[in-house]
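Thanks for coming, everyone. Please have the sequence and the model open while I talk.

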Amino acid sequence: MPVSYLTADAVRAAERATGELLTTGTLMRRASHGVAGAVLALLRDRSGAVVGRTVGLVIGAGDNGGDALYAGAELARRGVAVRAVLLSPDKAHPGGLTALRRAGGRVVDALPGSLDAVVDGVVGIGGHGPLRPAAATVFGSIDPATPIVAVDLPSGVDADTGQVNHPAVRADVTVTFGVRRHAHLLAAPQCGRIELVDIGLAEDPEGEPTSTGGTGAQSPRLYALTDAEIADAWPIPGPHDDKYTQGVVGVIAGSHRYPGAGILCTGAAVTATSGMTRYVGSAHAEVVEHFPEVVAVPEFADAGRVQAWVVGPGAGTDDAATELLGKILATELPVLVDADGLTVLSEHPDLVRGRDAPTLLTPHAGEFARLTGEEVGADRLGAVAGLARRWGVTVLLKGRVTLVAESDGTVFGNDAQSSWAATAGAGDVLSGIAGALLAAGLPPLWAGAAAARVHAHSAALASGGAPIGASNLLGALRPAIRRLLA
């Protein structure tokens, strides 16, 4: 099953459903024990010791602060010097505060200058907006090298949209409870490593999405595929397969004057699967020079049969390009539209709206704005799901965290865990991978998500910690797939 990410309301409902576990404080005890365990592991990893280390707590009102206070009490009992700043002393969790003091922890007006770790217990899933001035002052005083462990979410990050307000806490580790929240994926760089603590919550990732109100739209359901799931779905030649049964993808990209997009996109399609790749365009000679296995022709009429099309990267936006895109979208074949093709669609959206055949649009933020007339904004999840629903297509919104939305509200997200793929031409490679998977029979939601994951792995493998170009990324694609399938 894909990993499920829940809204704040769904998390609260899961907590309420535990009944006595919630009302008797069992959930808080389990949560605080998980936070303490994460801090202890961090101290051991960094210094090899626990006793004599110093940990600061930044405590807000309510249960989130209570989790941190009880965790601080457990740390103090283990020999850690615990110092807590209470942002709202009259609203601090009374039970947690009593436990901290009894264990030897101290309440202070300001954190000491030398700390081995800090626990962010300011706000949880109910928080909105940036850090308040008092909290911002405390976190601003902390040495940037000091690791921060966030309780549930880094304070200043919206639980549902993943919006990172300014200022906000940037955590090295985020400890969460029972189920993952939207922001753990949508704001992954801000959350650091996620540690999921089992506290007895039940989740229903297959449940129906809840209505958002008057528009009749439904809140998106957010998931992430695992490497194992992607490996199981990746097309591998069987004993009775041939080049046609494994999928024939057609690519229309680049030109004789600007052949790069055609070479990168076609090369990615060749590398991603063991089927067949056809190329149409004026860069046919350059493409074949780089990839002689490609069947390349200059004219669409001579393309031959394909099982999916990739259209757009560097393909132009003139009348001829518009007419050709219209012909391709009029077929019953799966089609991926990228780059220049998206620019054409921004002026001729009726070419694709409500298309019955599988359709995958792959915009970056600027192309998304051209398609919709609006900026993506802070709510990337709502934006991409909204476009997919309104147009009846699948939409892949590129970024460090790539989101692939189906028209029914299902969204697959992928955190690349780096930004090495943010380089010219990398999107052409992504389109070639996804197009080959479409031709092999994967539905567009899975094709987009699987392509994004392997694309990210390829970028990390090619980089090794140094900047790369798209050619390097393409060169690492086969080793990345090999690792995935191992």
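I'll go through a helix, some strands, the cores, the aromatic pairs and one threonine.

First, the ground rules. This is a predicted model, where local features need pLDDT of at least 70, side-chain atom pairs count only at pLDDT 80 or more, and totals for chains, interfaces and linings use all residues. Residues are numbered from 1 along each chain as its sequence is written, and side-chain values use heavy atoms, with hydrogens and water left out.

Let's start with helix α1, residues 8-16. Helices here are DSSP runs of H or I with at least four residues, strands are runs of E with at least two, and both are numbered from the N terminus. Which residues of α1 are buried? They are A8, V11 and A14. Buried means under 20% relative accessible area, exposed means over 50%, and partly exposed is in between, with a 1.4 Å probe and protein chains only. Down the axis of α1, those buried residues fall within an arc of 120°, so they line one face of the helix. The arc is taken from the directions that run from the helix axis to the C-beta atoms. An α-helix has 3.6 residues a turn, so residues three or four places apart point the same way. On the other side of α1, D9 and R16 are exposed. The cover over the buried residues includes β1 (3-6) and β8 (180-181). Contact, throughout, means heavy atoms within 4.5 Å.

Now the strands. In β10, residues 221-224, R221 and Y223 point one way. L222 and A224 point the other way, and all four are buried. β10 pairs with β1 in the antiparallel sense, over 3 bridges. Two strands pair if DSSP finds at least two bridges between them. L222 is the bridge partner of Y5. β10 also pairs with β19, residues 410-415, in the parallel sense over 3 bridges. There, V411 is the bridge partner of L222.

Next, the cores. A nonpolar core is a set of buried Ala, Val, Leu, Ile, Met, Phe, Trp, Tyr and Cys residues joined through side-chain atoms within 4.5 Å. The largest has 51 residues, and W234, V429, I433, L437, L474 and L477 have the most contacts inside it. Helix α16 gives the largest share, 9 residues. Take I433. Beyond residues up to four places away in sequence, I433 touches W234, A268, A269, A272, A451, H455 and L477. There is also a second, separate core of 46 residues, including A84 and L153.

On to the aromatics. How many aromatic pairs does the structure hold? It holds 3. Rings of Phe, Tyr and Trp (its six-membered ring) pair if their centres lie within 6.5 Å; planes under 30 degrees apart are stacked, over 60 edge-to-face, and the rest tilted. Y223 and F412 are edge-to-face, 6.3 Å centre to centre with 90° between the planes. Y223 lies in β10 and F412 in β19, so the pair ties together parts 189 residues apart in sequence. Both residues are buried. The F300 and W309 rings have centres 5.5 Å apart and planes at 45°, so that pair is tilted. F300 is partly exposed at 28% relative accessibility, while W309 is buried at 4%. Y223, F412 and W446 form one aromatic cluster.

Last, T322, in helix α12, residues 319-329. Buried or exposed? T322 is buried, with a relative accessible area of 17%. Leaving aside neighbours within four places in sequence, T322 contacts T317, V344, H348 and L351.
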